[in-house]
Amino acid sequence: MHGPLDFNHREKPGTFVDLVNARIDDALTKANGEREPRSYLGGSRLGESCSRKLQYEFLKAPRDPGEEFSGKTLRIFAVGHIFEDLAVDWLIKAGYDLRTRNRDGDQFGFSVANGRVRGHIDGVIVAAPDGLAVPALWECKSANAKNWRDIVKRGVAVSKPVYAAQIALYQAYLGLTEHPAVFTAINKDTCELWHELVPFNGALAQACSDKAVRILQACDAEEWLPRVAGDPDHFECAWCPWKQRCWA
Ligand code: SF4
């Protein structure tokens, strides 16, 4: 006698799924570990509120045990890049002349302070079908539904000040200050799109540039800049991958 057919059979946890995912995660973390760590302060990071954290990044201080990038985090980064490529394609199909690479096929970017501060932009819109003032810096981020809705509700400057600082700094260093930047945010859960015009904020760009100088000077002098908080339980420290090192 045969029993009823089980069309809903599922592997028990800890078998096939875990084996395959462990292989993928191992491959991703290994490849990430073999990448040359960047030797400069990234312009996209200068809006970060904790200067000491930026020192750890610049000095390539090892993250705390267990705080290394996981396979899942690396997959999230990779998916973000794919979303960005899709947004480029969609905008070009919609008639925007969006340039993302120079003649050599490299991303547009800047390098200052003897190459110790650098950034790479997502693109520049040089012509538009709708009267958009050009050239305009274009920056794109993907976000989960909760974060995306917050960007839509409050605007990028309030919702994601690190992105706003990046935009201001890139506008300044790329000479794209005359017209507002275009910030595109993609909802990773629903594929809804948000586009926002971001006028140049010179004071913010200057503050980020000054911060970069302070960080480089402090690193050269082997000094630590003040922590962002006076308490390791502060929310920014709770998520910091250098928390143990910082507060030890
Ligand atoms: S633990 Fe807190 S103070 Fe220390 S580097 Fe991280 S965010 Fe800054």
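**Close-up views of the predicted model**

**View 1. Strand 2 meets strand 5.** Strand 2 and strand 5 (residues 123-127) are antiparallel partners, joined over three bridges. Pairing requires at least two DSSP bridges between two strands. Strands (E, at least two residues) and helices (H or I, at least four) are DSSP runs, numbered from the N terminus. Aspartate 97 has alanine 127 of strand 5 as its bridge partner. The model is predicted: local features need pLDDT of at least 70, side-chain atom pairs count only at pLDDT 80 or more, and totals for chains, interfaces and linings use all residues. Residues are numbered from 1 along each chain as its sequence is written, and side-chain values use heavy atoms, without hydrogens and water.

View 2. Five strands run in the order 2-5-6-7-8, with mixed pairing. Strand 2 (97-99) and strand 8 (193-198) are the edges, each pairing on one side only. From one strand to the next, the twist averages 30°.

**View 3. Helices on the sheet.** Helix 3 (residues 71-93) packs on the sheet and touches strand 2, strand 6 (136-143), strand 7 (181-187) and strand 8. Contact means heavy atoms within 4.5 Å. The direction of helix 3 makes about 135° with that of strand 6. Helix 4 (residues 145-154) lies across strand 6, strand 7 and strand 8, at about 145° to strand 7. Axes are lines fitted to C-alpha atoms, for helices over the stretch in contact; angles run from 0 to 180 degrees between N-to-C directions.

**View 4. The ligand shell.** Residues around the ligand include Cys50, Tyr56, Arg227, Glu236 and Trp247. Helix 2 (51-58), helix 8 (235-238) and helix 9 (243-247) each supply at least two shell residues. Helix 9 gives the largest share, three residues.

Conventions: Near = heavy atom within 4 Å.
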